[in-house]
Amino acid sequence: MRRVLIGLLLLAACSREPVPPEPATPDAESIRAATATVAEARIVGADREPGNWLAHGRTYDEQRHSPLTRIDSTNVAGLGLAWHWDTGDERGLEATPIVVDGVLFSTGTWSRVYANDGRTGELLWKYDPQVPREWGRYACCDVVNRGVAVWKGRVFVGTLDGRLVALDAGTGAVLWETLTIDPERPYTITGAPRVVNDLVVIGNGGAEYGVRGFVAAYDTETGARKWRFWTVPGDPALPFEDAAMQRAAATWHGPDWWTVGGGGTVWDSMAFDPELNLLYVGVGNGTPWNRDLRSPGGGDNLYLASIVALDADTGEYVWHYQTTPGETWDYTATQHMILADLEIDGAVRQVLLQAPKNGFFYVLDRTDGTLLSAEPYVRINWATHVDAETGRPVEIPEARHPDGMALVWPSANGGHNWHPMSYSPATGYVYIPVIDMAFPFERARDFAYRPGVFNSGIDIGPLLPPKTVEDRIEMLRSIRGHLAAWDPVLQREAWRVPHPGSWNGGVLSTAGNLVFQGRSDGYFAAYAADTGALLWETPVHTGIVAAPVSYEVDGEQYVAVLAGWGGSFTLFTGVPRQPGNFLSRGRLLAFKVGADATLPESQTTSMSIPEPPAIEADEAALARGEVLYHTWCTPCHGADVSSSGALPDLKYAPAAVHARWDAIVRQGVYEALGMPRFDHLLSAEESEAIQAYVVDRTRKEIAFCATDTPGRYPELFATACAKRVAAPP
């Protein structure tokens with residue numbers, strides 16, 4: 001009997017399935033091998049390998065739609081955290097990861113690059129370009145980066161200080177780098193490069209600071225520049241670079257518009273049609289915003305606020321469509337563009353879709369730029385419609401605020417900003433992260449261009465914060481946003497999901513009838529693509545502005561996203577963090593069905609506003625300090641001396657900061673930390689006036705927090721009166 005039992009046990013042991021070994025962590029050689037063949041053929045044929053995310057928008061058409069179906073509307077409720085990795089960044093994270101055979105390549109603040117194992121999140125390598133912190137003064141919209149490009153074993157990244165860098169995909173070692181900008185001008189790079197026809201293409205930012213916009217292409221092997229397309233004309237006394245610039249110059253007026261650069265930076269969106277060999281680039285605003293100051297005498301000011309189609313091999317102009325002629329409201333056309341083939345009026349058309357800042361959703365024929373349709377996707381009051389014959393918006397008489405202040409929808413943040421949309425071929429909908437808020441525009445009466453600083457050309461007066469609690473509450477409640485499903489053929493909204501805040505994340509759609517989006521209130525969510533029903537959400541302890549991706553490894557589908565709140569809205573507005581969004585800790589998160597990992601408990605502590613120093617000033621000095629603060633300090637420290645948390649909230653400044661105030665503000669003792677010196681812009685008396693205003697504003701906030709108002713409106717003031725910060729270890 002004993003022999004029989006032993007025999008049965010041996011038989012059972014021999015019949016067991018062998019336990020597969022744990023997958024090896026990708027090494028440099030395997031990563032090089034996986035990425036070596038990432039080129040045009042693989043990107044064009046991306047649907048044959050749906051488990052990868054090979055380009056910024058997954059495909060050249062930038063549809064941001066995943067064909068993966070293992071996660072769908074029937075099982076998404078079982079989604080759980082598979083892994084997380086802390087980036088160490090404490091400001092906005094905006095990158096879309098590139099995923100090649102289970103390796104994620106992404107970027108963080110200050111243009112850092114990361115490679116992570118898609119199974120575990122383990123960091124494989126990191127590259128830090130060591131951007132000088134003082135260069136951050138030229139980044140209007142945070143020291144962010146929107147991602148890399150991968151091509152033939154190389155990873156390409158643009159750095160904030162204007163370099164284009166090629167890295168070894170296996171190790172992150174620098175293969176080459178080239179300076180793409182004039183270092184004497186305040187250019188920045190925050191956008192993701194694209195690679196087409198063995199050329200890596202990158203644009204830049206800095207329009208408000210006085211640069212001349214362009215987009216350029218570089219050899220992927222050597223970094224040598226192959227072509228450059230200027231988006232606005234230069235000095236008309238010099239030869240124009242091409243016929244496109246000569247035509248554009250006729251649309252600008254005034255004695256010296258070219259001396260301030262003109263603007264027109266290509267700071268984000270691009271798309272590519274390999275069959276037409278056309279590269280589409282979105283062009284930004286002018287310097288300054290207001291056309292009457294920028295170009296006295298009017299004019300369309302080409303190619304500001306335009307979509308421009310270029311020959312991908314040569315960079316030569318093919319066609320353009322200007323969404324906002326004579327742009328005045330910071331209505332850029334740099335927002336995400338999607339290419340699709342749609343049946344319109346009984347015929348299949350090759351189209352380009354865009355929801356730019358100005359509030360109209362455009363459908364263009366991408367072969368020649370012909371307008372097919374344009375309809376408002378958000379509240380608009382500066383124009384009534386887009387004329388079908390001319391393709392121009394029909395402005396209301398008061399649109400350019402000739403006689404004072406005008407409250408304009410959409411705001412300068414736009415009805416849609418850089419946050420990527422997605423398009424689902426299954427539903428036919430474009431999913432738009434919509435911003436619904438107004439902006440008080442008034443032309444600056446005594447405008448004078450200042451090199452190297454933010455030049456909007458609008459009066460600061462209407463932007464000053466409300467003086468009463470009631471007005472403050474109304475202002476905060478007016479800042480809204482939603483996720484919209486837009487039918488580009490019928491040009492109407494199919495459904496919408498209201499959000500508690502406005503600065504919400506980019507969008508991913510999948511073949512599982514799902515739409516994924518992160519929100520500013522600290523949640524990551526999945527919605528039904530056909531109806532908008534909320535199917536799943538989870539707290540992530542910080543707001544999300546980046547767009548998710550989906551990939552597959554070892555038969556498991558993942559959804560990954562960078563979580564870290566930041567960007568222009570958070571810096572400028574100073575809107576307090578919502579209850580679920582009080583940490584700036586940045587993380588790369590990956591989710592899959594059945595996973596049960598957890599994020600670390602949020603170890604936070606509340607810090608009350610300290611008693612400010614005994615500084616007194618009369619009403620005239622305080623009023624002067626208020627204007628000066630909102631002119632020079634708001635872009636980083638927030639309106640109303642209320643930071644969103646990405647950078648210091650000056651109400652919480654300790655006594656040591658106040659004691660060294662002028663040394664910090666005017667002498668640059670914190671310049672290496674990113675706080676620029678202002679001795680060329682502010683006198684000692686003006687610096688004192690700003691400090692007096694900050695102190696006065698701090699006292700008023702202490703008094704406000706002693707009332708019952710914050711408790712009655714926790715959704716508006718939950719983090720305004722007791723700053724929640726990460727507790728010490």
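Guide: Let's begin with Glu94, which is buried, with a relative accessible area of 2%. Keep in mind that the model you are looking at is predicted. Glu94 sits in the loop that runs between strand E2 (79–86) and strand E3 (98–100). Its side chain has a partner: a polar contact of 3.1 Å links the side chains of Glu94 and Arg146. Why does Glu94 count as buried? Because its relative accessible area is 2%, and the cut-off for buried is under 20%. Setting aside residues up to four places away in sequence, Glu94 touches Val144, Asn145, Arg146, Trp418, Val545, Ala546, Gly566 and Gly567.

Val540 lies between strand E34 (534–539) and strand E35 (549–553), and at 2% relative accessibility Val540 is buried. Beyond its neighbours within four places in sequence, Val540 is in contact with a set of residues including Gly522, Tyr523, Phe524 and Ala563. Arg587, Leu589, Phe591 and Leu599 are also among the contacts of Val540.

Now move to a helix. His630 is in helix H8 (residues 619–632) and is buried, with a relative accessible area of 6%. A polar atom of the His630 side chain lies 2.9 Å from the backbone oxygen of Glu626. Not counting residues up to four places away in sequence, His630 touches Ile460, Leu464, Pro465, Ala639, Asp640 and Tyr693.

What about the nonpolar residues inside? The largest nonpolar core has 70 residues, and Phe105, Val155, Trp227 and Phe229 touch the most other members. Strand E13 (residues 214–219) gives this core its largest share, five residues. There is also a second, separate core of 35 residues, with Phe516, Ala526, Ala563 and Leu599 among its members. In soluble globular proteins, nonpolar side chains tend to be buried together.

A few places have backbone geometry worth a second look. Most residues other than glycine have a negative phi, and most peptide bonds are trans. The peptide bond from Thr287 to Pro288 is cis, with omega near -15 degrees, and Pro288 is in the loop between strand E16 (278–282) and helix H5 (291–294). Trp409 and Pro410 are likewise joined by a cis peptide bond, with omega about -5 degrees. Pro410 lies in the loop between strand E25 (406–408) and strand E26 (422–423). As for phi, Arg64 is not a glycine, yet its phi is positive, about 55 degrees. Arg64 belongs to the loop between helix H3 (40–44) and strand E1 (65–66) and is buried, with a relative accessible area of 1%. Val641 has a positive phi too, near 55 degrees. You will find Val641 in the loop between helix H9 (634–637) and helix H10 (655–659), where Val641 is buried at 0% relative accessibility.

Finally, step back to the whole chain. The protein chain holds 14 helices and 39 strands, and 61% of its 729 residues count as buried. Among contacts between residues at least 6 apart in sequence, 63% join residues at least 24 apart. For 729 residues, a compact globule would have a radius of gyration near 27 Å, and the chain has 26 Å, which agrees. Its C-alpha trace spans about 105 × 60 × 50 Å along the principal axes.

How far can you trust the picture? The chain averages a pLDDT of 91, and 93% of the residues score at least 70. Over residues 1–15, however, the pLDDT is below 50, and this stretch has zero contacts in the model beyond near neighbours in sequence. Where pLDDT is low, the predicted coordinates should not be read in detail.

Conventions:
Residues are numbered from 1 along each chain as its sequence is written. This is a predicted model: local features need pLDDT of at least 70, side-chain atom pairs count only at pLDDT 80 or more; totals for chains, interfaces and linings use all residues. Side-chain values use heavy atoms; hydrogens and water are left out. pLDDT is the predictor's confidence in each residue, from 0 to 100. Contact means heavy atoms within 4.5 Å. Helices (H or I, at least four residues) and strands (E, at least two) are DSSP runs, numbered from the N terminus. Buried means under 20% relative accessible area, exposed over 50%, partly exposed in between (1.4 Å probe, protein chains only). A polar contact is a pair of N or O atoms within 3.5 Å; within protein, one must be able to donate a hydrogen and the other to accept it, and residues adjacent in sequence count only if both atoms are side-chain atoms. A nonpolar core is a set of buried Ala, Val, Leu, Ile, Met, Phe, Trp, Tyr and Cys residues joined through side-chain atoms within 4.5 Å. The radius of gyration is taken over C-alpha atoms; the globule rule is 2.2 Å times the number of residues to the power 0.38.
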